Amino acid sequence: MEKKMSENGDQEENKQDEVVQLKQLGGVKTMPFILANEVCDRFAASGFHANMITYLTQVLNLPLVEASNTLTNFAGTSSFTPLIGAFIADSFAGRFWTIIAGSIIYILGMITITISATMPDLRPPPCPTQENCTSATKTQLWVLYTALLLTSLGTGGIRPCVVTFAADQFEMTKSKTESRSWNFFNWYYFCMAVASLLALTVVVYIQDNVGWGWGLGIPTIAMALSLVVFVLGSSLYKKVKPGGSPFVRVTQVIVAAVRKRKIVLPQNDSTALYRNKELDANISTNGRLLHSNQFKCLDRAAVVSQSDMKDGSSNEPNLWRLATVHRVEELKTMIRMLPIWAAAILLVASHSHIGSFTIVQARSMDRHLSPEFQIPPATMPIFTTLTVLTFLPLYERLFVPFARSFTKNPAGITCLQRMGIGFGISIFATVASALVEIRRKSVARDFNLLDKPAEIIPISVFWLVPQYFLHGLAEVFMAVGHLEFLYDQSPESMRSTAAALYWIAIAMGSYVSTLVVSLVHKYSGERGNWLPDRNLNRGRLENYYWLVTGLQVVNFFYYVTCAWFYKYKPVCELSEDDDEEEEAAIVDKRKPLLDA
């Protein structure tokens with residue numbers, strides 16, 4: 001008896017030691033190691049992608065539309081692979097090892113693309129006049145595509161995991177986040193903007209003035225160093241164990257609900273539905289999701305019958321026949337989020353021209369800051385980055401306290417309100433793009449330069465700054481709000497998947513952009529084509545911008561409708577002292593677009 005009591009005491013003591021040790025891990029001290037990896041990924045991606053339209057059109061001599069579509073398809077693939085990375089991380093590998101594997105694959109892709117830029121046999125002859133050029137051969141393009149594929153796969157392991165792995169190092173419950181004077185996602189995005197700033201200045205300048213070998217080699221070296229730094233900090237990290245495949249759990253709930261589709265639900269009695277704290281322990285470490293009245297057809301998966309247990313056991317359910325309320329609510333939560341998430345797709349599609357058509361516009365304009373120095377065209381997005389770097393701290397230090405005085409919300413405004421403001425600003429950004437293009441072509445017409453695409457039009461490139469500023473301001477509200485919304489409203493065991501949704505929206509937006517550009521190019525006529533292959537001066541780019549503006553207005557009203565009817569997830573958080581559930585459930589009943 002004494003021996004048994006001693007063993008129980010030892011087990012309890014070991015458990016307490018594990019809890020103390022877990023609390024000592026994570027925190028601010030881990031951020032330099034974790035964010036170094038993401039910063040270098042953004043540095044490498046921005047430095048590579050920002051000027052790639054120049055590489056494809058000026059070095060590989062591809063037509064403008066083909067080059068633009070290649071870039072958007074690459075961006076789409078890079079943003080779709082995070083779903084694969086999230087599946088691997090949430091199912092069995094964990095975020096730490098998924099980040100390492102993704103970084104290694106990414107580095108291999110960067111090495112390949114650097115080699116392709118340094119070997120003369122892997123690019124066509126130079127064509128400075130941009131007339132009757134010899135395009136890259138199939139072999140040269142396949143080397144490029146192989147490198148792009150490797151970087152896309154590597155990105156899939158990094159992007160969905162780094163932001164969630166970094167957030168795992170802090171207590172991200174509602175009570176804890178409200179007590180902080182800073183927003184983790186604001187500062188995460190701020191670090192990403194710093195990386196983009198360095199890439200758009202240093203790397204792009206080297207690519208334009210030194211060479212593509214060094215211009216791509218530097219990001220490759222930075223990415224390799226970031227992996228070393230990330231591994232060095234491994235002993236400090238709080239590593240959340242994977243809770244099993246979220247896709248399998250979702251499928252199990254759907255199968256169980258379909259099997260019981262003829263069962264009558266308990267009337268106004270959610271307590272009759274199946275709950276199992278031990279079964280859900282690994283997927284509800286911060287608290288359980290509570291029953292909601294939406295999508296009641298799925299509740300049938302949690303109705304208990306005698307055939308639901310394995311081999312007649314009363315404790316172990318057959319998960320393909322019976323699901324807990326928490327697992328049913330996981331699926332409901334993701335379904336509720338999808339309409340809000342989908343609104344971001346068209347927004348991304350409307351912004352895609354920033355990395356392609358706007359760069360071509362800038363190349364045709366006067367970019368001189370002095371008689372000896374001119375801004376590289378691909379550096380123009382720096383004004384978007386500078387806007388983000390300037391307004392993110394202002395948002396947190398000025399806007400949030402100001403809004404808080406009216407709304408009484410610790411965050412100032414809700415994520416949905418923040419996103420809505422971003423959607424509205426984005427519309428004005430595209431309007432500015434159309435007006436500037438009209439002005440640029442008017443000057444080209446006045447100086448008889450419409451048929452001379454290689455000539456510089458005497459109009460300052462700074463005419464493009466207002467649209468970059470508005471896109472940056474929209475990003476401060478929309479991009480950060482979207483990321484925070486996906487993390488906050490997703491089930492805790494699906495946060496890598498939710499982060500992947502952020503990038504999948506970018507992927508689908510890129511593909512939609514490719515479709516719109518291709519259709520416009522095909523059906524706007526051979527004469528007076530809106531998006532010509534070589535001479536943008538003879539195009540109707542402003543009409544394309546007006547089309548995108550109209551689509552954004554429709555998308556804005558769609559988002560407002562979805563946000564108006566959105567219901568926040570109901571969750572019962574765990575107490576920090578005794579790890580027992582608080583009696584008062586945290587159920588947010590606010591109307592997202594009215595109350596903050």
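**View 1. Arg 327 and its partner Asp 280.** Arg 327 is buried in this predicted model, with a relative accessible area of 9%. It forms a salt bridge with Asp 280, and the closest N and O atoms sit 3.0 Å apart. Arg 327 belongs to helix 11 and Asp 280 to the loop between helix 10 (246-259) and strand 1, so the pair ties together parts that are 47 residues apart in sequence. Asp 280 is buried too, at 2% relative accessible area.

View 2. How accessible is Glu 329? Its relative accessibility is 1%, so Glu 329 counts as buried. Lys 332 comes in at 0% and is buried as well.

**View 3. Helix 11 along its length, bend included.** Helix 11 covers residues 325-351, 27 residues in total. From first C-alpha to last it reaches 40 Å, close to the 39 Å expected at 1.5 Å a residue. Where does helix 11 bend? Look at Leu 338: the bend there is about 35°, and a proline, Pro 339, follows within four residues.

**View 4. Two separate nonpolar cores.** The largest nonpolar core has 97 residues, and Phe 184, Ile 340, Leu 416 and Phe 485 have the most contacts inside it. Which helix gives the most to this core? That would be helix 15 (residues 465-489), with 12 residues. Another core lies apart from this one and holds 52 residues, including Leu 148, Trp 212, Val 461 and Leu 531. As background, nonpolar side chains tend to be buried together in soluble globular proteins.

**View 5. A nonpolar patch on the surface.** Now for some nonpolar side chains on the outside: Ile 104, Leu 108, Ile 111, Ile 115 and Met 119 form a surface patch. Together they have about 420 Å² of accessible area. One of them, Ile 111, sits in helix 5 (residues 82-118). Ile 111 is partly exposed, with a relative accessible area of 39%.

**View 6. Arg 538 meets Asp 451.** The side chains of Arg 538 and Asp 451 come together in a salt bridge, 2.9 Å from N to O. This pair links distant parts of the chain, 87 residues apart: Arg 538 is in the loop between helix 16 (495-523) and helix 17 (541-565), while Asp 451 is in the loop between helix 14 and strand 3. Is Arg 538 buried or partly exposed? At 42% relative accessibility, Arg 538 counts as partly exposed. Asp 451 is exposed, at 53%.

View 7. Phe 295 is not a glycine, yet its phi is positive, about 50°. This residue is in the loop between strand 1 (287-289) and helix 11, and it is partly exposed at 33% relative accessibility. Asn 448 also has a positive phi without being a glycine, with a value near 55°. Its loop runs between helix 14 (415-446) and strand 3 (457-460). Asn 448 is exposed, with a relative accessible area of 62%.

Key
Residues numbered from 1 in each chain as written. Predicted model: local features only at pLDDT ≥ 70, side-chain atom pairs only at ≥ 80, totals over all residues. Heavy atoms only, no water. Helix = DSSP H or I, 4+ residues; strand = E, 2+ residues; numbered from the N terminus. Expected span 1.5 Å × (residues − 1). Bend = angle between axes of the 7 residues up to and from the residue. Core = buried A, V, L, I, M, F, W, Y, C linked by side-chain atoms within 4.5 Å. Buried < 20%, exposed > 50% of the residue type's maximum accessible area, 1.4 Å probe, protein only. Patch = residues over 30% accessible without salt bridge, like charges linked within 9 Å, V, L, I, M, F, W, Y side chains within 5 Å. Areas by Shrake-Rupley, 256 points an atom, 1.4 Å probe, with all protein chains shown as cover. Salt bridge = Lys/Arg side-chain N within 4 Å of Asp/Glu carboxyl O.
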